[in-house]
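Thanks for coming. Please keep the picture open while I talk.

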Amino acid sequence: MDEPSTLSNISHGQLVPLIANDKNKEAFRILFYYFAPRLKSYLLNFNIGDQKAEDLTQEVMITLWHKAEKFDPEKAKLSTWLFRIARNKYIDQVRKQKYPELNVDDHVATMVAPEKTDQKLEKKQTSTLIQSAMEKLSLEQKVVIDLSFFKELSHSQIAQETGLPLGTVKTRIRTAFKALRVELGDKR
Amino acid sequence: MKTYGIIPDEWIVSYASGALSEAHALVVASHCHFHPELQGKIADTEEIGGALMASSNPAPFSNILFEELMTKIDELP
């Protein structure tokens, strides 16, 4: 799929207001081509099949189209916002649960004050930072983070999957999370 | 390890990744509602989830899907 060239130099977060204010289809097309295949990839981890993953991805993107005005680039990154929508739609539609959600965007500044960063630069580099931070985790830590995020496994399910004692699973998640936060906090 | 009451970090990670049962998630959400520091940790974890999603290998997607999606959007009330 070729991405259209117009607007391609604008950061993803800056494209969203164009959708909110003008229903700009080209801005939406750019975001669709970037995020839809990645959202689908994330959702495919839950073994829901290709069609269901595409259906949920479409719903996430439709939510972006209709609720773009609710995205605040000063408070969250677009990838974070879309991740939350995809996670909640999966839980709601596949697991048939209502997941109690907290609005935590007003408390984002625990690691860095948003106004002190170059937002555009930060958005472009966050995925790279996370990948780099993930690579620095031990294999044991990486496994439990992957199973948490990409399989949505509970602690006891991770223990069962890995054959580890429950206490060890909890310790590894805790130390991995601490390492990721330190790594990201140091770099941002 | 400072756990801010009854919620340790491994529960924060599981909450943000969507791995908790409805009842467990309710306990975490209710508790964190009163602790801004824990809300900051949830925000950090969701940011990690978003970045992991965004750095996933793109899955094959139908070339006509965008047009289908726009048609669907146009047909919505």
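Ala20(A) touches Ala68(A) and Glu69(A), leaving out residues up to four places away in sequence. Touching, or being in contact, is a matter of C-beta atoms, placed from the backbone, that lie within 7 Å. This is a predicted model, in which local features need pLDDT of at least 70 and side-chain atom pairs count only at pLDDT 80 or more, while totals for chains, interfaces and linings use all residues. Residues are numbered from 1 along each chain as its sequence is written, and chains are lettered from A and ligands numbered from 1 in the order in which they are written.

Back to Ala20(A), which lies in helix H1 of chain A, residues 12–22. Helices here are DSSP runs (H or I, at least four residues), as are strands (E, at least two), and they are numbered from the N terminus. Is Ala20(A) exposed or partly exposed? Ala20(A) counts as partly exposed because it has 18 C-beta neighbours inside 10 Å. The cut-offs are these: 20 or more other C-beta atoms within 10 Å of its own make a residue buried, 12 or fewer make it exposed, and anything in between is partly exposed, with C-beta atoms placed from the backbone. Between the C-alpha atoms of Ala20(A) and Leu147(A), 127 residues apart along the chain, there are 35 Å.

Next, two lysines in loops. Most residues other than glycine have a negative phi. Lys23(A), in the loop between H1 and H2 of chain A, has a positive phi of about 50 degrees. Lys96(A), in the loop between H4 and H5 of chain A, has a phi near 55 degrees, also a positive value. Lys23(A) is partly exposed, because 13 other C-beta atoms lie within 10 Å. For Lys96(A) the count is 8 other C-beta atoms within 10 Å, so Lys96(A) is exposed.

Asp92(A) is in helix H4 of chain A. Which residues does Asp92(A) touch, not counting those up to four places away in sequence? They are Gln97(A) and Lys98(A). With 14 other C-beta atoms within 10 Å, Asp92(A) is partly exposed. Asp92(A) and Lys40(A) are 52 residues apart in sequence, and their C-alpha atoms are 17 Å apart in space.

Now for chain A as a whole. Chain A has eight helices and zero strands. Of its 188 residues, 37% are buried. Among contacts in chain A with a separation of 6 or more, 61% are between residues 24 or more positions apart.

Chain B has four helices and zero strands. The C-alpha trace of chain B spans about 50 × 30 × 20 Å along its principal axes. Buried residues are 44% of the 77 in chain B.

Helix H2 of chain B, residues 22–33, has twelve residues and should span 16 Å at 1.5 Å a residue; its end C-alpha atoms are 16 Å apart, which agrees. The expected span is 1.5 Å times one less than the number of residues. The buried residues of H2(B) are Ala25(B), Val28(B) and Cys32(B). They cover an arc of only 65 degrees around the axis, so they are on the same side of H2(B). The arc is that of the directions from the helix axis to the C-beta atoms. An α-helix has 3.6 residues a turn, so residues three or four places apart point the same way. Ala23(B) and Ser30(B), on the other side of H2(B), are exposed. Helix H1 (9–17) and helix H3 (36–54) of chain B are among what covers the buried residues.

Last, how the chains meet. In all, 53 residues of chain A are in contact with 44 residues of chain B. The largest share of the chain A side, eleven residues, comes from H2(A).

Terms used. Contact = placed C-beta atoms within 7 Å.
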